[in-house]
Amino acid sequence: MVSAPVEKVFDGQGRAPAKRIPMRREEFLGRAAKIKADLSVWTPEKVTVELMGLVAGLYDGHTEILLNGRERINIWFPVRIEMFYDGLFITGCDELHKDILGSRVLRLGSLDALDAWARVAAITAKDSEAASSKGTGNYLSNAVVLEALDIIADEKELPLELVTGGEEKTKVALPSEAWRLRNNWTWNKTAVPTSRKAVTVYDGRLSGLPPYLSRMIPARLPYWFELYPEKKLLFLQFNAVTDWDKAPFGEFTKTLFKAYDDNIKDIDRFVIDLRFNEGGNGYLLPPFVREFIARRDSLSRGRLFLITGR
């Protein structure tokens, strides 16, 4: 934790240290001043989420307030809610509430589901909307955060209005429980904030998942590739910039590009899937990038593709 006035977050040019900046210095300082003025009437939890929102306004995914180690925050609802193009859906929960699995969320607490999502997203550090989609889920099940944001009235209960898989509307109230916060726990697609047995939408379906999910669930591989000759496609899923002990990144890079060179006549498309990449050690990347530069003639426009977003 860095102890410094919030004003020091800005550099000497009056801009936040991020490439996409929706907030000018004047707005930042104005919001900071309001937080200071209201300190005496706000709860510590309210102050925390307001500060999280202030920092999130910088639009810099590497500048955030983490809640790890704060025992007061370790109160959760046993449900995992994720955003899809057609709404919010429950993709995991404790076994006791398995009947709501796969349901679409219409209302969360006192708000329309999308309004509740937006309110949590406003305190989530991000540098893209894709990052916001993943980061928001980290706190959408947290009882203390939801109460501090005035989404629920009582941290002991989460009222939900749902549409089940059978298109029936129903209402449930989930009780909160103690669970220790793990930063970015939602990157594990089968994680649910509960100490009890959990169920997910993937249970019993692993064998039918497409490759990009089957290497993510139940455990996420940091990187892997496969050649699909019938599609004239080389597919790389790059989930973390790290030195995996089972396949160090330098050796993996050599193996990947040897496969490309050996099969270059049979490859029309080289696809890199970055949808689940949460970053990592950038010092590992220059040799990887140089391999692409060395092959810029064969990887001309229309042959190299990146998949980002959800």
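This is a predicted model: local features need pLDDT of at least 70, side-chain atom pairs count only at pLDDT 80 or more; totals for chains, interfaces and linings use all residues.

Residues are numbered from 1 along each chain as its sequence is written, and side-chain values use heavy atoms, with hydrogens and water left out.

Helices here are DSSP runs of H or I, at least four residues, numbered from the N terminus. Start with H1 (residues 25-37) and H2 (residues 44-56): their axes are 10 Å apart, at an angle of about 175 degrees. Axes are lines fitted to C-alpha atoms over the stretch in contact, and angles run from 0 to 180 degrees between N-to-C directions. H1 and H2 are therefore roughly antiparallel, a label for angles over 145 degrees, while those under 35 count as roughly parallel. In contact, meaning heavy atoms within 4.5 Å, are Phe28, Arg31, Ala32 and Ile35 of H1 with Glu50, Leu51, Gly53 and Leu54 of H2.

Next, H7 (residues 249-262) and H8 (residues 285-294) have axes that come within 10 Å and cross at roughly 15 degrees. That makes H7 roughly parallel to H8. On H7, Phe249, Thr253, Leu256 and Phe257 meet Phe288, Glu291 and Phe292 of H8.

Last, the pocket. What is nearest the centre of the largest pocket? Of its 38 lining residues, those are Asp127, Ala131, Asn277, Glu278 and Gly279. A pocket is an open set of points on a 1 Å grid over the protein atoms alone, where a 1.4 Å probe fits, with protein on both sides within 12 Å along at least five of seven lines; lining residues have an atom within 4 Å of a point. H4 gives the most to this lining, with 4 residues.

Methods:
Helices (H or I, at least four residues) and strands (E, at least two) are DSSP runs, numbered from the N terminus. Angles under 35 degrees count as roughly parallel, over 145 as roughly antiparallel, 65 to 115 as roughly perpendicular and the rest as oblique.
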